[in-house]
Amino acid sequence: MDLALAPETLARWQFGITTVYHFLFVPLTISLAALTAGLETAWVRTGKEKYLRATKFWGKLFLINIALGVVTGIVQEFQFGMNWSDYSRFVGDVFGAPLAFESLIAFFFEATFIGLWIFGWDKLPKGIHCACMWTVSFGTLASTYFILAANSWMQHPVGYRINQASGRAELVDFWRVISQNTTLVVVFHTLTAAFLTGGAFLVGIAAYHLARKKHVPVMRTSLRLGLVTLVVAGLLTAISGDQLAKVMFKQQPMKMAAAEALWETEAPAPFSVFAYGDVDKGHNDVAIELPALLSFLAEGDFSSPVPGINDVNKAEEARYGPGDYRPNIPVAYWGFRWMIGFGMTSFAIGAAGLWLTRKKRWLAPELRTTEDEVPRLAVTKSWELGPKLSGWYWRIALLTTGFPLIANSWGWIFTEMGRQPWAVYGVLRTSSAVSPGTSQTEVLISMTVFTLLYAALAVVEVGLLVKYVKAGPPELTDSDLEPPTRIGGHDRDGDRPMAFSY
């Protein structure tokens, strides 16, 4: 059988497509939930209409995003029973524990309180309604934590034992599984990258409307929130990425070496800017490098040695038996760079935006005033943009909406493919995890169906987002401006009992 179409290869392609597609929605879900809750909190505290309109606008985009995220997430979990039954049988006791917590606790909070938030606008006191979205945000964070704990166990298995009689891994220390340093740094890095994604989303869409001089008060607020989020999250993503690299160097030296196309052990080891070489022969023909930087990233010391691919492969052969323990080097090398490049470009665009919008210099001089000092009609129709942000920045800001999504996708591709040939590092090989009874034809059909279905869902998702983005923030009604303040009691005049008092 052609290796390119072997069931294992097709199953990996199907899981990869499903995972990358699903993870397009996850960072936006995490960040938009918190950012929407923050905007609603600002409305509850100040009563300003711009915050309420912003809450409704970004909340609607959040709901569209999470709907697709939930659907694709459920399908992703089905993969373990479809194409990876040997994996599920071997590690189900361990891997399934954090996923069970995610479903029973985290997803419960998300599903329940999203419903209350959607249908409670004119039924709940606004403080309680706002608390519902904060609870949803907590649910997304908890969900992220438990899922990443399960994935981190695959990267660095702890808290288990192998039952020789049953041939399965058994959980012995759940707390160690969910609290190991791999989990902590991965969660930190993933969450900061998620808010980088959400910040870029706010900046890009706000830029679209501001370039057309529409919905200025709402979009000005959204732009500033997005820029601050983008810059803070960008800095934290760089810090968390450095911490993750140091953990990766200790736990998966092959992944670090592959990310840098470092073939031989070097001390000090350089950071590769560009490399091209012969994978089969195990060397680089062209290499542009920054001296000693990789040693610092790995150990915090500019002179420490970093093991190369060839030496790590020999060590793994001695430990696990004969074989090739190298991942796909070009994918690991370039995936690492695309992740960093697109992520840090987003941060740079956010930093430039903060500089250009300082002290309202992006507005025409005669209109540098607060919203409250200008009549509402004048604000929505008469604001003009000053020279600082005319033209080029709006176009770049709109483009940056997708940059963190690309960075996230390549980050997960690097994380998962850099671990190969292991499904569970050092414990279970990917070739031993695939379903033994699944044929080439069955996997090919399911992969084709999923890919086409996801393509159709992508059209729906993008179509809905574009429709509501272009429509902009909704106009407010009387019920929006006077939401319920308490449950039960009487009306304002105290003449009759009411289920809700306005």
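Here is a short walk through some local features of this structure, which is a predicted model.

Let's start inside a helix. T144 sits in α5, the helix that covers residues 126-155. Its relative accessible area is 8%, and because buried means under 20%, T144 counts as buried. If you set aside the neighbours within four places in sequence, T144 is in contact with I30, T190 and L191.

Next, have a look at the backbone. Most residues other than glycine have a negative phi, and most peptide bonds are trans. H215 is not a glycine, yet its phi is positive, at about 50°. You will find H215 in the loop between α7 (181-211) and α8 (216-251), and with 18% relative accessibility it is buried. A292 is another non-glycine residue with a positive phi, here about 70°. This residue belongs to the loop between β4 (283-290) and α10 (293-299); A292 is buried too, with a relative accessible area of 15%.

One runs from A267 to P268, with omega near 0°, and P268 lies in the loop between α9 and β3. Another joins Q420 and P421, with omega about 15°; P421 is in the loop between α15 (403-417) and β5 (422-424).

Finally, turn to the surface, where E264, E266, E289 and D311 gather in a patch of negative charge. Of these, E266 is placed in the loop between α9 (253-259) and β3 (271-278). With a relative accessible area of 30%, E266 is partly exposed.

Definitions and conventions
Residues numbered from 1 in each chain as written. Predicted model: local features only at pLDDT ≥ 70, side-chain atom pairs only at ≥ 80, totals over all residues. Heavy atoms only, no water. Patch = residues over 30% accessible without salt bridge, like charges linked within 9 Å, V, L, I, M, F, W, Y side chains within 5 Å. Areas by Shrake-Rupley, 256 points an atom, 1.4 Å probe, with all protein chains shown as cover. Salt bridge = Lys/Arg side-chain N within 4 Å of Asp/Glu carboxyl O. Lys, Arg positive; Asp, Glu negative; His and termini not counted. Charge placed at Lys NZ, Arg CZ, Asp CG, Glu CD. Helix = DSSP H or I, 4+ residues; strand = E, 2+ residues; numbered from the N terminus. Buried < 20%, exposed > 50% of the residue type's maximum accessible area, 1.4 Å probe, protein only. Contact = heavy atoms within 4.5 Å.
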